[in-house]
Structure formats: C-alpha cells, structure tokens
Amino acid sequence: MDELKKLQNHKKELLDQICKLKDMRQGSVVEQYFEVRRKDGTMSRQGPYFLYSYKKDGKTISRRLPMVSAAEKYREQIGEFRKFEQLCSQLVVTSQKLSDIRIEEGFGDNEVKKKLRKPSSKRSKKKLTA
C-alpha cells in the first residue's frame with residue numbers, strides 16, 4: 001500500500017508540473033550565416049540569421065525570425081515543449097506502475113498474480129525452434 005501512495009503522489013506532482021508549463025511549441029531554432037563575395041574578391045560572413053523549423057503533415061516548414069529576441073523566445077517555448085515531453089513520458093511509466101498494482105490488488109489469488117508476471121515460455125520455445 002505504501003508503494004501505491006508513493007506512485008499516486010508522484011503522478012499528482014507530474015500533473016502539477018505539466019499544469020505550470022508556460023507557452024510551448026515544437027521545432028527548433030538554428031543560426032544561419034551566409035558567405036558573400038565582395039567587389040574586391042574577398043569573402044565576408046554575414047549573419048547570424050535565425051531560422052525556426054517544424055514539421056507539419058510530414059513536411060518541414062521553416063521561417064526566418066526577424067530579431068534575436070524572437071529567437072530567444074522561440075527557444076524558451078521549444079524548451080518548455082521538451083519538458084512537457086519528458087513529463088508525459090514519466091507520467092505514462094508511473095500510470096502503468098499504478099495500473100499494475102491496482103490490477104494485482106484486485107486479484108486475491110496468488111496464482112493469478114504469478115500468471116500475470118510470468119512470460120509465456122511456450123511461445124518463446126516455438127520461435128527458437130522455427
């Protein structure tokens with residue numbers, strides 16, 4: 001029962017953290033530089049120019065960001081989205097553990113618990129011999 005309470009509290013903490021997330025967006029921000037040949041033949045590096053890219057319907061969409069401050073804001077929002085993904089992943093693992101405990105508590109018979117945990121050995125042997 002102690003493990004159940006611990007997992008429930010962890011799930012609640014994860015959900016609270018998700019609720020506290022700020023604006024978020026998917027994608028990435030990269031810096032681009034351009035090499036330009038001057039009239040005297042020397043090369044000049046211009047930039048950085050910031051480019052925001054994300055996927056939509058299987059296609060990459062990119063657009064230039066006009067200012068450094070916009071690029072910084074986009075990076076913050078992308079960081080929030082990555083935190084969201086990590087928290088969701090942890091939430092799924094915690095929820096699965098909670099579900100396993102609740103299912104096991106629902107069964108009073110020890111043999112049923114053993115059967116739930118025990119992988120099928122017959123299937124494994126058939127694959128190995130085939």
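Modeller: Let's take helix H1, where Leu4, Leu7, Leu14 and Ile18 are buried (under 20% relative accessible area with a 1.4 Å probe, protein chains only; exposed is over 50%, and partly exposed lies in between). These four cover an arc of only 90 degrees around the axis, which puts them on the same side of H1; the arc is that of the directions from the helix axis to the C-beta atoms. Asp2, Lys5, Lys6, Lys12 and Cys19 are exposed, on the face of H1 turned away from its buried side.

Before going on, a word on the ground rules. This is a predicted model, so local features need pLDDT of at least 70 and side-chain atom pairs count only at pLDDT 80 or more, while totals for chains, interfaces and linings use all residues. Numbering starts from 1 along each chain as its sequence is written, and side-chain values use heavy atoms, with hydrogens and water left out. Helices (H or I, at least four residues) and strands (E, at least two) are DSSP runs, numbered from the N terminus.

Back to H1, residues 2-19: at 1.5 Å a residue its 18 residues should span 26 Å, and the end C-alpha atoms are 26 Å apart, which agrees. The expected span is 1.5 Å times one less than the number of residues.

So what covers the buried residues of H1? The cover includes H2, in contact here, meaning heavy atoms within 4.5 Å. Leu14 and Ile18 also turn up, with Leu87 and Leu91, in a second, separate core of five residues. A nonpolar core is a set of buried Ala, Val, Leu, Ile, Met, Phe, Trp, Tyr and Cys residues joined through side-chain atoms within 4.5 Å.

The largest nonpolar core has eight residues: Val29, Phe50, Tyr52, Leu65, Ala70, Ala71, Tyr74 and Ile78. H2 gives the largest share, four residues. Leaving aside neighbours within four places in sequence, Phe50 has contacts that include Val29, Leu65 and Ala71. Phe50 is also the bridge partner, in E2, of Glu31.

That brings us to the sheet: it is open, with three strands in the order E1-E2-E3 and antiparallel pairing (two strands pair if DSSP finds at least two bridges between them). E1 and E2 (residues 43-56) share nine bridges. Helix H2, residues 68-106, lies across E1, E2 and E3.

Note on methods:
Axes fitted to C-alpha atoms, helices over the stretch in contact; angles between N-to-C directions.
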